[in-house]
Amino acid sequence: MAKRVYEVWKGNNKFFLGGRLLFGPDARSLIVTLSLIVVPVVIFCVFVARHLLHKFSAYNAGYAVLIVAIVFTLYVLVLLLITAAQDPGFVPRALHPPEEEFSYDPSVTGDIGGRRTPSLQFPRTKEVIVNGLPVRIKYCDTCMVYRPPRCSHCSVCNNCVERFDHHCPWVGQCIGQRNYRYFFMFVSSLAFLCIYVFAMSALYIKFLMDGDYPTVWKAMKHSPPSVILMIYCFICLWFVGGLTCFHLYLIGTNQTTYENFRYRADNRPNVYDRGFLANFIEVFCTKIKPSRNKFRSHVQEESFTRPQAPPRLHHDPIEEDNFGGDRRAKVEDDDLEIGDDLLKISMRRDYEGFDEETQRGHSSNSLQTVVTLEEDTGLSASVPQFPENGSDGQNMSRGRRGGSWEISPLEGGVSMRNESHN
């Protein structure tokens, strides 16, 4: 039986309920976040809101204090679940590099099995036009795709994320194009919940001072939970309130957290800024795009009827300048999360075909080269050993005037055979 996409997913994400819920690799941090929200609210309901039920005699308005706290908390928890348990905008991985991007450079040649062949060129970046201005997009060696504009590779989830904002450890998920709206609503609602609990706790202290405890100190000694909740909410409000204000600024200028931290010193124009009002409409009023990944669909096995497009067979001069010409050069992935180490990317090799100049001869020989495609460790070529004696060496170099190339599929690879006829 064919496996489903979520069962063979190459990212670091965790799936639940048969692929219906998608979390980040640090999903356990949600338990801490839930505790930081639920526990203070329970303390508030038991030790503060319960005593305010009869403080507002008109229409029994005191019950609204308790109901609002419970409903508002449930609303915050739902936003947290939506933010953490859905696809933030992962870009599907490709099975092989884009073949149309490879080009041959006859001016530069490389040695393969003693033969001189044209070198293969593979561009690391491309330019696309966004709002009339050129934007450079980069190739991701892990996902084997050119990233769309504003897309970056998250080193925690090990996936490319559209409109990547950041990876939130409190939510345990990447924040991207599809869940940024809910993330902002979660943070801002949590800030209002802190304000509400702080205000109701302070109001209860005020009622105590108006009753049997005339001083602040006596009222605070009578209700320590109210004091603890006020201190706790004050501290949390600095965090979630400041985060809310920061993201309001980002939304108004149409930036992401990643772009703000990485490019603010470059003084480059923001090609995505459409104006204050249009930027808010883009975030809150536009339809969220459907996920590009069908996690519950069955995997379609690819038939290897042709080899994968080969990467460069020589070293790009630009990379040699940057990395000292080392044959095992590391490619810097600029779009990894801020502060993370550079990814070590190994170049994959594949040989699509060999052709040589022919010479006249009467003897025949056959040459078979099997190219084995290895999915996980890269592409490696198995080349036969040529005899060292003179007669056999001549036979191996004789032409194929009377022969033909035959390409036939093999299990796990492609073989190319030259058969000559007498």
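Select F295 to begin: at 9% relative accessibility this residue counts as buried, a word used here for under 20% relative accessible area, with exposed meaning over 50% and partly exposed in between (1.4 Å probe, protein chains only). The model is predicted, so local features need pLDDT of at least 70 and side-chain atom pairs count only at pLDDT 80 or more, while totals for chains, interfaces and linings use all residues. Residues are numbered from 1 along each chain as its sequence is written, and side-chain values use heavy atoms, with hydrogens and water left out.

**The aromatic rings**

The structure holds 17 aromatic pairs. Rings of Phe, Tyr and Trp (its six-membered ring) pair if their centres lie within 6.5 Å; planes under 30 degrees apart count as stacked, over 60 as edge-to-face and the rest as tilted.

W9 is in the segment before β1 (14–16) and F295 in the loop between α7 (276–284) and α8 (317–323), so their pair ties together parts 286 residues apart in sequence. Helices (H or I, at least four residues) and strands (E, at least two) are DSSP runs, numbered from the N terminus. With 17% relative accessibility, W9 also counts as buried.

Next, select F15. The rings of W9 and F15 have centres 6.4 Å apart and planes at 80 degrees, so they too form an edge-to-face pair. Both W9 and F15 are buried. Then show Y6 and F90 as well: Y6, W9, F15, F90 and F295 form one aromatic cluster.

**The sheet**

Now select β5, β6 and β7. They make an open sheet of three strands in the order β5-β6-β7, with antiparallel pairing; two strands pair if DSSP finds at least two bridges between them. The edge strands are β5 and β7, each pairing on one side only.

Start with β5 (residues 125–130) and β6 (residues 133–140), which pair over six bridges in the antiparallel sense. Pick E127 and look across to β6, where R136 is the bridge partner of E127. The hairpin of β5 and β6 has two residues between the strands, and N131 takes a positive phi near 55 degrees.

Move on to β7 (residues 145–146), which pairs with β6 over two bridges, again antiparallel. Which residues stand opposite each other here? C140 faces V145 in β7, and Y139 stands opposite Y146 in β7. The hairpin of β6 and β7 has four residues between the strands, and M144 in the turn has a positive phi of about 55 degrees.

**A residue in β8**

Select S152, which lies in strand β8 (residues 152–154). At 3% relative accessibility, S152 counts as buried.

**Two helices**

Finally, select α3 (residues 180–210) and α5 (residues 224–253). Their axes come within 8 Å and cross at roughly 150 degrees. That makes α3 roughly antiparallel to α5. Axes are lines fitted to C-alpha atoms, for helices over the stretch in contact, and angles run from 0 to 180 degrees between N-to-C directions. Angles under 35 degrees count as roughly parallel, over 145 as roughly antiparallel, 65 to 115 as roughly perpendicular and the rest as oblique.

The crossing of α3 and α5 is left-handed, meaning that the near helix is turned anticlockwise from the far one by less than a right angle; clockwise would be right-handed.
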